[in-house]
Amino acid sequence: MVRPIRSPPVRTYWKRDDSELSRKVSRIVEHNPTLLTPSYRPTPWARNAKVNFGVAVLRSRLGELRRRVEPPLKGRITSCEDPDVTIEWAKDDAALALPVDAPIVIFLHTITGSAAQTRWQMSQASRRGWRSCTFVRRGHSNKRLRTPSFNLLGDVEDVEMQVAAVRHAYPDAFLGMVGVSAGSGLLISYLGRAGPSSPIHAACAICPAWDISTAFDQLSLEQPAASKLMLESIKSTFIKRNEALLRDWDEDAVDACLTATTMPEMLAAHAPFAMRRKGATALEYFAEHNPMEHRAGIAVPTLVLNAEDDFVCSARNVRPDLIVNEQPGALLLLTRTGSHCAFNEGTLGLGSFHTRVCLDFLDGARAVCDEDRMQSLHAARVHEGRVDVIVKGVRPGATKLTRLSLGGRGVPPGSATRISLECKDSAKAAASRVQ
């Protein structure tokens with residue numbers, strides 16, 4: 001008799017206090033209790049960290065290969081104000097069938113990743129009813145840079161530009177954001193700087209490095225092969241492809257990047273290009289782009305996922321104490337296995353725990369947002385000489401009442417529509433006229 005492999009427990013950490021963010025996390029968990037006791041059962045033949053990672057890399061590379069042979073699809077790319085920054089949308093069959101008001105999940109890719117490598121995650125999101133897109137950072141497309149600027153961890157100002165483009169295309173959609181590896185650091189930095197002003201409603205950070213000023217100090221010693229491959233990919237993607245442009249702007253910085261032998265050296269060497277200022281130092285770069293410097297400003301519920309066997313972003317960097325004591329609104333999941341941004345599951349390794357649990361979290365956050373919206377919709381308010389009343393079964397534009405301002409769009413029959421009535425007398429008198 002073959003006994004099934006038991007999945008080790010996933011540890012959860014979060015701050016349980018009376019803050020608004022902590023209460024939101026509690027409500028998200030109420031909508032999906034499995035978030036407190038999630039189950040990750042790795043693919044049996046890919047439990048080893050390196051094999052698990054290799055399967056995930058293969059899946060991403062296949063997506064990239066498919067992109068190269070398929071014809072271009074109309075409407076896939078959204079351009080931003082800066083031509084080096086773009087947005088790529090999912091265009092699979094499930095995505096094309098989504099309604100216009102479908103929620104949106106934004107993916108922030110890895111340190112040398114691309115939208116093509118993220119397409120399998122976007123496909124899973126489509127099947128779960130989410131419209132999805134990937135924010136393509138400077139230097140990550142197949143085109144050469146037009147300006148001598150790139151940032152290995154991403155630029156917050158570019159994300160702001162891309163978020164504005166998404167909001168312009170879908171002004172009323174629920175927005176979730178998922179950062180993967182380096183993209184998770186960018187996610188934390190963006191949300192922390194934006195604070196309550198961000199239109200993002202909830203977020204997920206997959207395998208963040210936490211404090212990037214020290215996160216990669218031991219990588220070249222403990223994982224020399226992984227460190228070498230990462231450096232070669234960075235040099236090929238950013239430096240060699242754009243060497244003439246970059247060298248014309250700062251020859252010394254290019255030489256420093258090409259001779260870097262560790263990730264800390266590379267982060268320091270590319271600082272002038274990331275900061276867009278010659279002579280910029282590593283200390284200045286970390287002060288500006290280390291997510292730990294900005295985490296306190298995050299104003300939305302955020303899921304954080306790390307694995308103990310992550311050989312790129314070591315589990316030594318994970319800070320459960322910080323989550324429990326200092327970061328309301330964050331839910332940390334720490335798995336025994338999962339490798340770096342892999343988390344393959346299923347017999348053939350076709351499933352993804354991190355995509356599944358992220359969408360579970362975002363589904364819960366959306367449900368909480370809908371509850372808050374409906375509660376606000378059904379509450380009568382009197383303010384500044386106006387009365388808000390609820391008329392059930394009225395479709396906007398279908399009422400014969402005059403001097404009414406309808407506050408809903410596309411409200412189906414039988415639901416509640418808020419209307420605002422100018423009040424020249426008392427609120428009571430105005431309400432009686434509507435009755």
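Residues are numbered from 1 along each chain as its sequence is written, and side-chain values use heavy atoms, with hydrogens and water left out. Because the model is predicted, local features need pLDDT of at least 70 and side-chain atom pairs count only at pLDDT 80 or more, while totals for chains, interfaces and linings use all residues.

Contact is taken as heavy atoms within 4.5 Å. Among contacts between residues at least 6 apart in sequence, 75% join residues at least 24 apart.

The nonpolar cores come next. Each is a set of buried Ala, Val, Leu, Ile, Met, Phe, Trp, Tyr and Cys residues joined through side-chain atoms within 4.5 Å. In soluble globular proteins, nonpolar side chains tend to be buried together. The largest nonpolar core has 37 residues, and Val 178, Leu 303, Leu 331, Phe 361 and Leu 362 touch the most other members. Several elements each supply at least two residues of this core, among them helix 1 (20-31), helix 4 (115-127), strand 6 (175-180), strand 8 (302-307) and strand 9 (330-335). Helix 15 (353-378) also belongs to that group, and the largest share of the core, nine residues, comes from helix 15. Leu 362 shows how such a member is surrounded: leaving out residues up to four places away in sequence, Leu 362 touches Val 105, Trp 130, Phe 174, Gly 176, Val 178, Ala 202, Ala 203 and Cys 204. Apart from this core lies another, of 36 residues, which includes Ala 209, Phe 238, Phe 286 and Phe 311.

Phe 286 leads on to helix 13 (residues 282-289), whose buried residues are Tyr 285, Phe 286 and His 289. Seen down the helix axis, these buried residues fall within an arc of 95°, so they line one face of helix 13; the arc is that of the directions from the helix axis to the C-beta atoms. The buried residues of helix 13 pack against helix 6 (182-194), helix 11 (263-269) and helix 12 (271-275).

On a 1 Å grid over the protein atoms alone, a cavity is a set of points where a 1.4 Å probe fits but cannot get out, and lining residues have an atom within 4 Å of a point. Grid points are joined across faces, edges and corners, and a volume is the space filled by probe spheres set on the points. By this rule there are three cavities of 30 Å³ or more.

The largest cavity holds about 110 Å³ of space. Of its 14 lining residues, Arg 137, Arg 138, Gly 154, Asp 155 and Asp 158 lie nearest its centre. The lining of the largest cavity has five nonpolar, four polar and five charged residues, and helix 5 (residues 156-169) provides the largest share, three residues.

Helix 5 also holds Val 163, which is buried at a relative accessible area of 4%. Leaving aside neighbours within four places in sequence, Val 163 is in contact with Phe 135, Met 177, Tyr 190 and Pro 199. Glu 88, in strand 3 (residues 86-89), counts as buried at 7% relative accessibility. Beyond four places in sequence, the residues that Glu 88 touches include Arg 67 and Arg 76.

Two loop residues complete the account. Cys 207, in the loop between strand 7 and helix 7 (219-222), has a phi near 55°, a positive value in a residue other than glycine. Ser 339, in the loop between strand 9 and strand 10 (344-345), likewise has a positive phi, near 60°. Cys 207 counts as buried at 0% relative accessibility, and Ser 339 also counts as buried at 0%.

Definitions and conventions
Buried < 20%, exposed > 50% of the residue type's maximum accessible area, 1.4 Å probe, protein only. Helix = DSSP H or I, 4+ residues; strand = E, 2+ residues; numbered from the N terminus. 1 Å grid on protein atoms, 1.4 Å probe; cavity = no way out; pocket = protein on both sides within 12 Å on 5 of 7 lines; lining within 4 Å. Nonpolar A, V, L, I, M, F, W, Y, C, P; charged D, E, K, R; others polar.
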